[in-house]
Amino acid sequence: MLKIARKTLTCWVTCLASLFLLVQVACDLYLPTVTANLVDKGIIGKNLPYIWQTGGKMLLVSALGLRAAFGNIYFASHQAMQVGQRLRAMLFAKVLTFSDEEISRFGLYPAALPGKVFCYRPASFGGHHSFIDALCHAAL
């Protein structure tokens, strides 16, 4: 798995996603401390300016955590899409290097039967094959 990760991950994107995740977690873990201080020093001590100041701090920490979450989601999803794209390209390049004998070991090789067109119909379409039928008939 590490070998694949080294080939497919972009270092700076992964580092940015990790950094944003670290900031998000730090904000999430800091908020209960701020809330406890708000209750202990502001509410119990009836210190209204401290309550407003701490409430503003809570809003800023929450906003920073939200921005960090958005950054993490953006960079992590971008990296995931790139990894999938690179893995598919690597797999496709590997399959293209197979000989006819190797391909025939995996199953029926359509190119070995001239004039035949094979159409795969996934079961997940639940009987609605109009798009796939149109593609298959267009290939004929």
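**Figure 1. Overall view of the predicted model and its accessible surface.** Accessible areas come from the Shrake-Rupley method with a 1.4 Å probe, and for residues only the protein chains shown count as cover. By that method the protein exposes about 10,900 Å², of which carbon and sulfur atoms supply 70%. The model is predicted, so that local features need a pLDDT of at least 70 and side-chain atom pairs count only at pLDDT 80 or more, while totals for chains, interfaces and linings use all residues. Residues are numbered from 1 along each chain as its sequence is written, and side-chain values use heavy atoms, with hydrogens and water left out. The protein contains five helices and zero strands, in the order α-α-α-α-α along the sequence; helices (H or I, at least four residues) and strands (E, at least two) are DSSP runs numbered from the N terminus. Of the 140 residues, 17% count as buried, where buried means under 20% relative accessible area, exposed means over 50% and partly exposed lies in between (1.4 Å probe, protein chains only). Among contacts (heavy atoms within 4.5 Å) between residues at least 6 apart in sequence, 58% join residues at least 24 apart.

**Figure 2. Helix α3 and the residues buried along it.** Helix α3 comprises residues 48-96, 49 residues in total, and reaches 72 Å from its first C-alpha to its last, close to the 72 Å expected at 1.5 Å a residue; the expected span of a helix is 1.5 Å times one less than its number of residues. The buried residues of α3 are Thr54, Val61, Gly65, Ala68, Ala69, Gly71, Asn72, Phe75, Gln79, Gln82 and Val83. In general, an α-helix has 3.6 residues a turn, so residues three or four places apart point the same way. The cover over the buried residues of α3 includes α1 (2-8) and α2 (11-43).

Figure 3. Helix α2 has 33 residues and spans 47 Å from first to last C-alpha, close to the 48 Å expected at 1.5 Å a residue. Buried in α2 are Val13, Ala17, Gln24, Cys27, Leu31, Val34, Leu38 and Gly42, and what covers these buried residues includes α3. Phe20, also found in helix α2, is partly exposed, with a relative accessible area of 26%. Leaving aside residues up to four places away in sequence, Phe20 touches Ala68, Gly71, Asn72 and Phe75. The C-alpha atoms of Phe20 and Ile73 are separated by 8.8 Å, although these residues are 53 residues apart along the chain.

Figure 4. Val39 lies in helix α2 and is partly exposed, with a relative accessible area of 35%. The C-alpha atom of Val39 is 9.8 Å from that of Thr54, a residue 15 residues apart from Val39 along the chain. Lys46 has its place in the loop between α2 and α3 and, at 73% relative accessibility, counts as exposed. Most residues other than glycine have a negative phi, whereas Lys46, which is not a glycine, has a positive phi of about 55 degrees.

**Figure 5. Nonpolar surface patch formed by Ile4, Leu87 and Met90.** Ile4, Leu87 and Met90 make a nonpolar surface patch of about 220 Å². Patches are made of residues with over 30% relative accessible area and no salt bridge, with like charges joined within 9 Å and nonpolar side chains (Val, Leu, Ile, Met, Phe, Trp, Tyr) joined within 5 Å; a salt bridge is a side-chain nitrogen of Lys or Arg within 4 Å of a carboxyl oxygen of Asp or Glu. Ile4 lies in helix α1 and is partly exposed, at 37% relative accessible area, while Met90 is found in helix α3 and is likewise partly exposed, at 35%. The C-alpha atoms of Ile4 and Arg86, 82 residues apart along the chain, are separated by 9.9 Å.

**Figure 6. The cysteine sulfurs of Cys11 and Cys15.** The structure holds zero disulfides, a disulfide being a pair of cysteine sulfur atoms within 2.5 Å. The cysteine sulfur closest to that of Cys11 belongs to Cys15 and lies 4.0 Å away, which is too far for a bond. Cys11 is exposed, with a relative accessible area of 58%, whereas Cys15 is partly exposed, with a relative accessible area of 46%.
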